[in-house]
Structure formats: structure tokens, C-alpha cells
Amino acid sequence: MSRIRLGYVGCGFMAQKVHLPNFRSIPECDVIALAEVRADLGKQVQSQLGIPKLYSDHQAMLADPEIDAVAVSAAFSVQGEIARDALLAGKDVFMEKPMAVSLAQADALIDAARQSGKGLMVGYMKRYDAGNELVKAQVEQFRRSGELGAVTYVRNHGFCGDWIAGLDTPQIKSEEAIPTAPTVTPDWLPPAFAGQYLGYLQQYTHNLNLMRWFLDAGDNVSVRSVDLDDDGYTGIVVLDMAGVRAVLESGRVSHFRWDEHTQIYFRHGWIKTWAPPLLLKQVPAEVEIYRAGDEQIFSRPIAQPAWSWSYKREAEHFIHSLINGTPFRSSGEDTRTDVRIFEEIFRIYLQQI
Ligand SMILES: NC(=O)c1ccc[n+]([C@@H]2O[C@H](COP(=O)([O-])OP(=O)(O)OC[C@H]3O[C@@H](n4cnc5c(N)ncnc54)[C@H](O)[C@@H]3O)[C@@H](O)[C@H]2O)c1
């Protein structure tokens, strides 16, 4: 394949503000179809962007043999079902996070991908941020060279803030009601905690996924302790990531920007990175490297490409991986670990309250 014909499911906020403009700007990608259950919204987005085909829902789109791959952004639990249907229909899939709201749903998706031989990539755009790529390469280099000694500790602090950053690209809205989706959660979770669980999972899945990637921890991750407030959101979780203690700090602050940083400590220094507000285009994460020793040195390397947007690079990765037949950096199989860990965190949290 030298070009990918893409069908996009769900014409809401993320589709209009982020993914449709990004996929449409990739020379090797033709966005040939939309699927949207809100008929009027679908028509308006189709006509504004000049997309050739519009389907009334994802099932109708999946029968279209001209579509090579499908991208989906919809409600948390629904998008996993849509993605599974797409895999089983023989389409490669890019989907927004979270991949699944329970381990059972994640496993069903992974099975569907295996059964169909198609690829599933999950939208962890932080792994495609040029600043984070620099961090990852630097961690690997320090580990290889031993220059800063062993990795001793990792922390991610994420108190959120304003993630939209004033992005003023057009968004078509519709009076049509968003279809109510059944709230699917793990079968052991009392329904009264579904909102808390989904709220925490959908936010911090990014942060956990990023720390795992920096440490190359794969599935070698377990929960050591959980200290969350009654809101099931604010607090600290301590994890073991491939033998390294990793702390996830979650909470909220009124903040005009985006309050998130990750710090990887070595015996003789650190690498620290600050995340940009998510929808601030063309700004990668900032990076600081500290080397201890006789001559103590701080450096602030600039990521390359210096002006780039993680979501755009994520979309390019999906398309180019399909064309080149190379693996996804944020595959469904890898993401299963995040789903597993969030179930583990909430099991422990519920035992404590
Ligand atoms: N990666 C990130 O940083 C990030 C940021 C925000 C949101 N998200 C994720 O994006 C997802 C979508 O968020 P959003 O704000 O765009 O939601 P949204 O509600 O604005 O849009 C979803 C759209 O999907 C449509 N839809 C639902 N079921 C459908 C079906 N079967 N066929 C076709 N269309 C269908 C809905 O009508 C709606 O228009 C969420 O799961 C969220 O976790 C990710």
C-alpha cells in the first residue's frame, strides 16, 4: 500500500479539532468517509470538509471495501466496541484512549486484532511528542553508558489545567442529543463508583502509559500502594515499573496552562520534562537534563522537530506504519497493561474506603 484510504467514526470534538485536520494534512492519507450517528452533525462536517462519503453509523461504514483503515473517537466505553467491530471487519484501527474500560474489553479487542490480522493503535499522543522522544532516547543512552548511574525513581505529576489552550479551529455543533451509551465498567466494580473509575482512568492512562514507555517497562508493572481521596482522583499511587519505584501524582488545580511534569532520577542526575497544554499546537514538551558530579551541569536540549504537535505526529505514525508494515509505538497489546493497572488501582482504593 502506498496510500491509506481512511474512514473516520465520530464527528465530535476530538475529530473536528484534532484528528480530521491532522489525517487530512498527511499526503499519503485520503479521508474518504465519515460515520456519525448524529445525522445533521455528520452532514455538516462532511460538507464543510468535502469528504466524499457519509454513513449513518460505524457498521454501515465497515461494509465499505474501499476503506483500508478506520479511526475512531467516541464515548469511553463505546469506542472500544466500535474498534472491535472494525478489526473484525478487516480494517486497521486507530482509536482514542482509553482503549478499554475493563480488562475483559481490552482482551476482546486484542483477540479481534489477532483473529483478523489487523493492527490496533491507541491514541497516546505523548509518545509521539518530540520532547518526549528526546527524553526516551536520553534515558536509553544514560542507561547504556552508565554515565548517571542507575535509575532510582520516577515521578509523574499531573494536576491538569487548561488543556484546550484556546485552540480556535472551527467546531460544528449540533442540537441532536449524543446517543446515550451504556456505562460499561469491570464487572466487579460497584456501579456507584463507575464515574470515579472512568474519570481517573481516562485522565491518568496517559501518564501511566508515558512513564512505562520512558522506562521501557512493558507489562512488568505492579501497584505497590494507593492513597486517593474520597473523590477517587486526588492523591498518589506508587507503582513498581521494572524494578523502579514510580509515583503518579493526580489532582486538579485552577491553572491557565497545563500542570504536568515527569522526572526520571538517576543516581547522579535527572531528566525532567514539562508537558505542553495538550491542544497547544506546534509546541513539544520541554526537557531539562541535570548531571551531578564535580562540574554540575544543567542543559535544556531542544526537541527536533522544534515546532511540532504530538497529535499530528501520532496520526503520521499510524499512516506511515501501515504503509511501511512497521509496528505501532502505542499498540493495543501494549496498552492492555494500562487497563490492567487501573483495575488494580481501583480494587485497592475500594478496599480502603
Ligand atoms: N488523547 C487525548 O488527549 C484526548 C483528549 C480528549 C478526548 N479524548 C478521547 O476522545 C474520545 C472522544 O471525545 P470527544 O470529546 O471527541 O467526544 P464527542 O462526544 O464530542 O464525540 C464523539 C462522537 O461520536 C459519535 N458516535 C457515537 N457512537 C457512534 C457510532 N456508533 N457511529 C458513529 N458515530 C458515533 C457521537 O455522536 C459524537 O458526535 C473520548 O473517548 C476521549 O477519551 C482523548
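Modeller: First, the term: domain bounds come from an automatic or database domain assignment. On that basis the chain is divided into domain 1 (4-125 + 313-330) and domain 2 (126-310 + 338-352). This is a predicted model: local features need pLDDT of at least 70, side-chain atom pairs count only at pLDDT 80 or more, and totals for chains, interfaces and linings use all residues. Residues are numbered from 1 along each chain as its sequence is written.

Colleague: How many Å apart are the C-alpha centres of domain 1 and domain 2?

Modeller: They lie 24 Å apart. The contact takes 31 residues from domain 1 and 29 residues from domain 2. Two residues are in contact if their C-beta atoms, placed from the backbone, lie within 7 Å.

Colleague: Which elements give two or more residues to the side of domain 1 that touches domain 2?

Modeller: α1, α2 (39-49), α4, α5 (103-116) and α8 (310-324). Helices (H or I, at least four residues) and strands (E, at least two) are DSSP runs, numbered from the N terminus. The largest share of that side, five residues, comes from α2.

Colleague: Switching to the ligand. Which residues come nearest?

Modeller: G10, G12, F13, M14 and E96, of the 28 residues around the ligand. Near means that the C-beta atom, placed from the backbone, lies within 6 Å of the molecule or strand.

Colleague: And which element supplies the largest share of that shell?

Modeller: α4, with four residues. α1 (13-24) and α4 (76-88) each supply at least two. The shell draws at least three residues from each of domain 1 and domain 2.

Colleague: What about the sheet: what is the strand order?

Modeller: β8-β9-β10-β7-β11-β12-β13-β14, eight strands in an open sheet with mixed pairing. Two strands pair if DSSP finds at least two bridges between them. The edge strands, β8 (221-228) and β14 (297-299), each pair on one side only.

Colleague: How many bridges join β13 to β14?

Modeller: Three, and the two strands run antiparallel. Y290 stands opposite F298 in β14.

Colleague: Which helix packs on the sheet and touches β13?

Modeller: α6 (residues 130-145), which also touches β7 (151-161), β11 (258-266) and β12 (269-274). The direction of α6 makes about 165 degrees with that of β12. Axes are lines fitted to C-alpha atoms, for helices over the stretch in contact, and angles run from 0 to 180 degrees between N-to-C directions.

Colleague: Where does α7 lie?

Modeller: α7 (residues 194-215) lies across β7, β8, β9 (235-241), β10 (244-250) and β11. It runs at about 155 degrees to β7.
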